[in-house]
Amino acid sequence: MNGDTAAQTPTGTDHTARGDVGVPVLTDQPSPALPGPRDPDGTAGPDDPPGEPGGGSGSGGDEGGRSDGGSIPPPPPRPAWLRGLARFGYAPPPTATLAERLVPPMPDGPGVTPKRVPPSPLLLRVGLSLPEPLWSWLVRWAGWLGPLAVALFAGALRFSDLGTPNAVVFDETYYAKDAYALWHGGYEISWPDGANEKIMAGEPAPYRPNPSYVVHPPVGKWIIGAGIQLFGMNPFGWRFAVALLGTLSVLMVARIARRLFRSTLLGCVAGLLLAVDGLHFVMSRSALLDLVVMFWILAAFGCLLLDRDHTRARIAARLEARGGLPDPEFARRMNLGWRPYRIAAGVCIGLTCATKWSGLYVAAAFGLLTVLWDVGSRRLAGAERPYLWTLARDAVPAFVSIVVTSVVVYITSWWGWFASSNVSNQGGYGRDWAVGRSTDYPWIPEGLRSLWHYHSTVYDFHTHLSDPHTYESNPWSWLVLGRPVSFFYESPKLGTAGCEVNECAREVLGIGTPLLWWTGVIALVYCLWRWAARRDWRAGAVLCGLAAGYLPWFAYQERTIFLFYAVCFVPFLVLAVTMLVGAIIGPPGASRDRRIIGAAAGGLVVLLIMWNFLFFHPLYTGETIPMEDWRRRMWFNTWI
């Protein structure tokens, strides 16, 4: 998916040559019939970014006088606080047109960057000069080349020694074998005792057709099984597909951040931060379902973001044809048209639910998010009652695109179970439940009735799961990494497993990069302020994604839950940190000194996070290290 058509709106401009980190925040507030840069009282006008003062002094008539012959009063002086900010390099953003407010131009790309780009003054200063065609090509495609480079870095980290530890790690004992069974029979089976030992010894997997009761849908296991089909029933094979999704998610978050913040630089920062998050890294190297859930959540968010830009680009084009001004009648009656990206989001949400049921909360949150984005589109286009007309014209299509599509995808994902025999003990677990059983709903196929009964038992299991576990944790502690999960641990002695001292440790610890997560707490406070006080839709989108993956767990605090469930919202935590880094760097209109200091400070934050990841890297990969080095990384007793 390229999706760079947002740059081809009637107001597309090139930000690459200016070196912008991002464009000003553009709010979804209604515009007057003749938009002006500042209200008469000197406060921010409706065309200005939220919370930012207007920039410049414009007139509604001819230059130098009013259309009725009167003189134009001088603009009011700027407030003292604004003059104070100017001393620190602040410059008010330029007034945006309606089309720019609907779809801010992308920072670079074939539709934005000119075919010939002047050489970089910074590179010339250090004596590096590239041929003009090569330099122009690199700048034009930087929006892909940068994220791809970061993704290759992430892939190199994740695929390096992927088969280590050469063992069945934590819940791989369930999902690797379930994945193998799905690809060989279409449903999960019960395995004989000693199956893990035989598999690790290189013997044929002791497959048998006896069905097994499982409590998670099949999509994640089908994906894990694809790697087993390619590389065999071994640790590398069952981890391969998850590592691939982990790598692709780094590419996706870089592209999503680029589109969200309109900055290729910040897009690469987001991808780099996700690449060096410890929890994402560990989950990318383990055959568990939660990384797969995270992948489909992120894909759904990206599709909705593309849908937002493409829909608004069509609205901007139509308004431009009508004079480029808000049109209440058009905004009230406009049809937002065919929206394939939103249907794609529904497919991704369906695949999320078909991996783990926690996707249900994502469906609700993202459905609400896309409807609110439609409200903002109609408001900017001039609708006087945007909520009413969005409810009347957009809510039903959104419901079909998100909910109905996801339900169809979810039911389809059980095709292997449906295709299995409905004879007792010869097909998927519970496949025979409805056979010969009387019902008040005979028109419902017996396969669907059996599936419904199966799901009712699974729901009961999930809501009453409270068996204590050594590594369980409360969601209140997740953001500060209160209780990580040890996936694998050994204490080799001198001369074994590469141990060169009297006592060593090997561990795979499911924990995020501490400095990244603790910075994320500050970033979330910043995003809450941007959303509540500045009406920044980007902060609201990030918070929505994080809330969908995090807040529902507070309703299950009595249940046995673990920190690694938090990997589902790690991309949104990374986006929050990226937004904070962008604020540290400073706005495009800031002074050169402000930008240099900000870039140095933002770069220092990223470098410290990368150092922290390298420091904990032995605990993420099961590397043999001296016990003293292991203890040095146990910063808190709850990490042991």
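These legends go with several close-up views of one predicted protein model.

The model is predicted, so local features need pLDDT of at least 70 and side-chain atom pairs count only at pLDDT 80 or more, while totals for chains, interfaces and linings use all residues. Residues are numbered from 1 along each chain as its sequence is written, and side-chain values use heavy atoms, with hydrogens and water left out.

**View 1. Confidence along the chain.** The protein averages a pLDDT (the predictor's confidence in each residue, from 0 to 100) of 86. At least 70 is the score of 86% of the residues. Residues 1-72 are another story: pLDDT stays under 50 there. For that stretch the model has 169 contacts (heavy atoms within 4.5 Å) beyond four places in sequence. Among the elements, helix α1 (residues 80-86) has the lowest mean pLDDT, at 70. Helix α11 (residues 278-284) has the highest, at 98. Helices here are DSSP runs (H or I, at least four residues), as are strands (E, at least two), numbered from the N terminus.

**View 2. Helix α9 alongside helix α12.** Two packed helices are described by the angle between their axes and the distance between the axes. Here the axes of α9 (residues 235-261) and α12 (residues 290-321) come within 10 Å and cross at roughly 25°. That makes α9 roughly parallel to α12. Axes are lines fitted to C-alpha atoms, for helices over the stretch in contact, with angles from 0 to 180 degrees between N-to-C directions. Under 35 degrees counts as roughly parallel, over 145 as roughly antiparallel, 65 to 115 as roughly perpendicular and the rest as oblique. The crossing is left-handed, meaning that the near helix is turned anticlockwise from the far one by less than a right angle (clockwise would be right-handed). On the α9 side, look for Val242, Leu245 and Met252, among others; on the α12 side, the residues they join in this contact include Phe295, Leu298 and Leu305. The contact has 16 nonpolar, 3 polar and 2 charged residues. Ala, Val, Leu, Ile, Met, Phe, Trp, Tyr, Cys and Pro count as nonpolar, Asp, Glu, Lys and Arg as charged, and the others, Gly among them, as polar.

**View 3. Helix α14 across helix α17.** The axes of α14 (residues 340-353) and α17 (residues 395-412) come within 7 Å and cross at roughly 40°. That makes α14 oblique to α17. The crossing is right-handed. Ile343, Gly346 and Gly350 are among the α14 residues in the contact, and Ala398, Ile402 and Val409 among those of α17. By class, the contact holds 11 nonpolar, 5 polar and 1 charged.

**View 4. Helix α15 against helix α21.** The axes of α15 (residues 359-381) and α21 (residues 537-550) come within 9 Å and cross at roughly 165°. The two helices are therefore roughly antiparallel to each other. α15 passes α21 in a right-handed crossing. Phe366 and Trp373 are among the α15 residues here, and Trp537 and Cys544 among those of α21. The contact has 10 nonpolar, 1 polar and no charged residues.

**View 5. The loop between α5 and α6.** Most residues other than glycine have a negative phi, and most peptide bonds are trans. The peptide bond from Thr164 to Pro165 is cis, with omega near 0°. Pro165 lies in the loop between α5 (142-159) and α6 (172-185). Phe170 lies in the loop between α5 and α6 too, and has a positive phi of about 50° although it is not a glycine.

**View 6. The Cys499 to Cys504 disulfide.** The structure holds 1 disulfide (a pair of cysteine sulfur atoms within 2.5 Å). The disulfide joins Cys499 to Cys504, with S to S at 2.1 Å. With 80° about the S-S bond, the link is right-handed.
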